Amino acid sequence: MKSKRYTRVQRIWALPNSMAALVDTRFRGYDTVAGVMEYVWISHPATGSLPGQPEMRYPMESTRRQNPSTYNGLAMHIGDINIQNPLCLAPMEDVSDVPFRLLCKEQGADLVYTEFTNCEALVRKVKGAFKKIELDARERPVAIQIYGSAEDSMEEASRIVTDQGADFVDINCGCWVKKIAGRGDGAGLLRDLNKFRAVVESVQRGTHLPVTVKTRLGWDPDNIVILEVAKFLHEMGIAALTVHCRTRKQGYTGDADWSWLPRIKEASPIPLIANGDIETPAHAKECLDLGCDGVMIGRGAIHSPWIFSHIKHYLATGELLPDLSLAERIEMCIRHLSDSATYRGERRGCMTFRRHYAGYLKGVRNIANLRRDLMEFDEVAPIRERLYRFLEEYKAEEDAAEAAA
Ligand SMILES: Cc1cc2nc3c(=O)[nH]c(=O)nc-3n(C[C@H](O)[C@H](O)[C@H](O)COP(=O)(O)O)c2cc1C
């Protein structure tokens, strides 16, 4: 069986006026199922299309993968970052801190994002806000996510996070909670697209780094604006768009509607990262098969930080890895806890870590007493001891059940 190979040829033509250049990108390759193909994408960097000529895009079908080890012949670029089908750890408030980002990175996440930080808090130099944007060199490439709708503050916050050493700046345009979206920040921007553009421009003014956007489908089902948003963000030179496939009105209810993904891809050549309810390797594959350039995982990573390596294995081989044993989960949990204690100080690290126990112990039976105990400790040693004792009892019970069977 012939393997799938692509060569990429990119030609840049300078234009006589100051309108920069036209970019002609050709992907020529052989696909075992579809045969020889040439994918052509001609675009103007500013407008996404070639004036006076029929718009040409690489056809969706051409990005269908037959061989999962070369999952998508096209790499995704965010500035100099060049990754094929990146698996991204979602920005999550009080969760996506340095220890968690490093753990997910170790488990195969390609891109990680800080939790969102309010632009005003950064401008006012609030200490807690600066803690949220702390980075560790080992986690690169990393995005710092900011939110707000006051343009001056967003521009200044963009400058601050650039100085902080981010690899790219992500704008939160999807937060649904009332006190944020209600005042026009986060998903509130989906109700005023002129303001949305102005905020994006202000962030671009404050940085030389690539800027990305994370948003939702629209404010409510009657006001889905994502196709328009994807088009103007591309025209504005935004490096990638992450879409949580729910409306603001949905919050977390209902299912993420992935059927929008190919429509977005069809409407705009902007690199697209799928988000919402991706909890298994098969889900990730489904989103990539819909034409997305990358996937972003939030709650699935809280339950299983190892999900990234499992997705990678599945995309490369088509096989599912077995879930981690309880002993392996407890080892990872303790290591993560210790890192959290080192990073935040023992007491605070243990308290902050409490939200992670449910994930590491998901699906394990008879954990009511264990969870109650874990919520009381604020030092690593007793937590470690309690977890190991639970593991021993659990194993003894399993052995007894096996002997009785
Ligand atoms: C605890 C928690 C905190 C979150 N904080 C943020 C945030 O700071 N910025 C953001 O863009 N989204 C935030 N989100 C939304 C996630 O990034 C993601 O869009 C959403 O959870 C859907 O993805 P999932 O189904 O993979 O969890 C948060 C989600 C959770 C569960």
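Author: A residue is buried if 20 or more other C-beta atoms, placed from the backbone, lie within 10 Å of its own, exposed if 12 or fewer, and partly exposed in between. The model is predicted: local features need pLDDT of at least 70 and side-chain atom pairs 80 or more, while totals for chains, interfaces and linings use all residues. Residues are numbered from 1 along each chain as written.

Reader: What percentage of the protein chain counts as buried?
Author: The protein chain has 16 helices and 14 strands (DSSP runs numbered from the N terminus: H or I of at least four residues, E of at least two). Of its 405 residues, the buried share is 40%.

Reader: What is the phi of Gly108, after helix 1?
Author: Helix 1 is followed by Gly108. The phi of Gly108 is positive, near 115°.

Reader: Is Arg197 buried, exposed or partly exposed?
Author: Arg197 sits in helix 6, which spans residues 193-205. It has 16 other C-beta atoms within 10 Å, which means that Arg197 is partly exposed.

Reader: How many Å separate Arg197 from Leu233, C-alpha to C-alpha?
Author: Leaving aside neighbours within four places in sequence, Arg197 is in contact with Phe232 and Met236. Leu233 is 36 residues from Arg197 in sequence. In space, their C-alpha atoms are apart by 7.9 Å.

Reader: Which residues of helix 11 does helix 9 meet?
Author: Helix 9 spans residues 281-289 and helix 11 spans residues 307-317. From helix 9, the residues in contact are Pro281, Ala284 and Lys285. Their partners in helix 11 are His310, Ile311, Tyr314 and Leu315.

Reader: What percentage of contacts between residues at least 6 apart in sequence join residues at least 24 apart?
Author: The count covers contacts in the protein chain between residues at least 6 apart in sequence. Of these, the share joining residues at least 24 apart is 63%.

Reader: Which residues come nearest to the ligand?
Author: There are 21 residues around the ligand, each with its C-beta atom, placed from the backbone, within 6 Å of it. The nearest are Ala90, Met92, Phe116, Gly298 and Arg299.

Technical notes:
Axes are lines fitted to C-alpha atoms, for helices over the stretch in contact, and angles run from 0 to 180 degrees between N-to-C directions. Two residues are in contact if their C-beta atoms, placed from the backbone, lie within 7 Å.
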